[in-house]
Amino acid sequence: MKGKNNNSPWSLQFNTAALVLIPAAVGINYIGKLFAGVLKLPLWLDSIGTCLAACLAGPVVGAIAGAMNNLIYGLTMDPISTVYAFTQAAIGIVVGLMAYYGAMKNVKGALLTGILGGFAAVLISTPLNMIFWGGTTGNLWGDLAYAAVLSQNASTWIASTVDEIIVDVPDKIVVLLLVMGLYKNLPKSLLSLYQSNSKIESLD
Amino acid sequence: MKSMSLYEEKHSFLNKLSPITKMIYVVAAILIPAFAGEKMLAVGFMIFSMLLLMHSKVIRRTFPILGVSGFVVLTVLIIQGLFRAGNETVVLDMGPVAFYKEGLLFALGIAINVFNIILCFCVLVLSTKPSDMVEELVRKGFSPRIGYVFTSLFQLIPQMTDRMSTITDAQKSRGMETEGSLMIRMKAFLPLISPVIMSSFIDTKERAIALEVRGFNAKNKKTFLNESTKIPVDNVIIIILVVGIVCSIGWRIMTWLR
């Protein structure tokens with residue numbers, strides 16, 4: 001189904017179903033984070049919706065869903081998280097592209113997508129962490145690593161990158177594996193709904 | 001159903017201002033100190049935001065928001081105070097570890113920046129209805145389709161959280177364990193979240209149809225339910241803020257050229 005599309009993954013022409021997928025995706029992100037909190041899991045799991053939307057409807061929808069997710073956090077809970085909208089958007093783009101080229105069909109591909117998505121997050125989050133927090137992330141394990149690296153006389157940039165890798169990459173790998181499981185089990189009738197750029201024969 | 005928005009109607013001065021004015025205020029409060037490179041300006045904006053919030057009687061609601069980031073600022077304070085490169089002057093000696101002046105000052109700078117951003121955001125968020133914000137943006141040329149997506153979020157997320165508690169109860173009554181070792185809790189995650197995901201996807205299908213039959217994709221110019229609420233003070237404030245931003249950018253360029 002994917003890969004046979006004639007149009008580019010960057011098409012801005014999405015149908016209504018793909019558009020209403022965005023709030024659903026943000027809702028799923030939100031619920032994922034809540035459940036992770038309720039179950040006291042050591043991960044965020046707050047990008048399941050972004051990744052699913054990216055798989056289903058492509059990188060542009062994924063990016064919008066990701067960015068909107070953080071805008072909502074910013075407006076309702078934690079204003080600083082608004083700036084991390086860029087990070088979530090990057091994750092959406094990477095996952096959307098990987099899914100478009102067919103990576104989300106097996107565990108290996110999902111693993112690779114998770115790692116790439118995680119590093120995309122690191123690439124964008126680290127400068128933001130440096131600007132707003134002096135390099136730390138507020139996550140216990142990541143910040144312990146930050147302190148450990150810093151006490152070895154390494155630069156704050158290296159420490160911050162290590163911190164962010166510890167926080168983001170394992171989380172994204174777990175998320176993408178979950179997403180692959182969900183994505184493969186979605187009913188076909190639902191999948192076809194969001195593929196606004198697949199070829200449709202028109203009768204009129 | 002619990003509302004997500006932090007907005008509260010207090011009939012205050014801030015409530016009467018146009019959302020656009022408040023958005024520009026947020027931009028100004030972040031950009032002007034950043035461009036001018038002067039921490040005291042950020043402190044000034046912080047105090048001003050606080051006065052505005054007090055005047056609108058919503059200062060109480062900023063405390064939980066400050067608390068979320070306050071904790072992170074505390075960890076920054078500890079880490080930078082102990083480990084920052086260039087730490088020389090000991091302020092507080094506590095046996096094996098010592099807090100240094102340079103690191104603490106750096107952390108103070110971060111705290112000022114963070115609290116300034118939070119407070120100016122609060123000025124916007126606590127006094128503006130999200131739907132008004134979106135409507136005003138759409139009026140200024142923002143895509144109405146994306147605008148709809150944004151407003152619908154504030155209805156959809158509380159709905160989904162409600163559904164979440166139903167599903168948790170249902171799965172628990174079938175004997176699923178949600179407490180215990182990490183493995184048990186990990187295993188519980190998928191059966192909890194997948195029903196929410198599936199049902200929300202099926203909902204999107206129905207919502208898409210419902211929207212399309214109501215002319216969601218119509219290309220005509222959209223009209224608005226509410227009238228624009230701009231008051232004369234808005235324009236004055238916008239001009240002052242924009243002049244402030246331009247001046248700070250000019251100042252930055254001047255210092256670079258010198």
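**Entry 1: what covers H5(A)**

I looked up what lies over the buried residues of H5(A), and the cover includes helix H4 (85–100) and H7 of chain A, along with helix H4 (59–83) and helix H5 (101–125) of chain B. I noted that this is a predicted model, in which local features need pLDDT of at least 70, side-chain atom pairs count only at pLDDT 80 or more, and totals for chains, interfaces and linings use all residues. Residues are numbered from 1 along each chain as its sequence is written, while chains are lettered from A and ligands numbered from 1 in the order in which they are written.

My helix labels are DSSP runs (H or I, at least four residues; strands are E, at least two), numbered from the N terminus. I call a residue buried if 20 or more other C-beta atoms lie within 10 Å of its own, exposed if 12 or fewer, and partly exposed in between, with C-beta atoms placed from the backbone. The buried residues of H5(A) include A:Gly114, A:Gly117, A:Gly118, A:Ala121 and A:Trp133.

**Entry 2: a bend in the helix**

Where does H5(A) kink? I found a kink of about 30° at A:Ser125, shortly before the proline A:Pro127. The bend is the angle between axes fitted to the seven residues ending at a residue and the seven starting there. A:Ser125 is also among the buried residues of H5(A). After the helix comes A:Gly134, with a positive phi near 70°.

**Entry 3: H5(A) meets H7(A)**

I checked the axes of H5(A) and H7(A): they come within 7 Å and cross at roughly 145°. Such axes are lines fitted to C-alpha atoms over the stretch in contact, with angles from 0 to 180 degrees between N-to-C directions. By class, this contact has 15 nonpolar, 9 polar and 3 charged residues. Nonpolar means Ala, Val, Leu, Ile, Met, Phe, Trp, Tyr, Cys and Pro; charged means Asp, Glu, Lys and Arg; the others, Gly among them, are polar.

**Entry 4: chain A against chain B**

How many residues does each chain give to the contact? Chain A gives 43 and chain B gives 55. Two residues are in contact if their C-beta atoms, placed from the backbone, lie within 7 Å. On the chain A side, H1(A) supplies the largest share, 16 residues. That side has 30 nonpolar, 10 polar and 3 charged residues.

**Entry 5: a loop serine**

I found A:Ser81 in the loop between H3 and H4 of chain A. Is A:Ser81 buried or exposed? A:Ser81 is buried, because 21 other C-beta atoms lie within 10 Å. Leaving out residues up to four places away in sequence, A:Ser81 touches A:Asn70, A:Tyr73 and A:Gly74.
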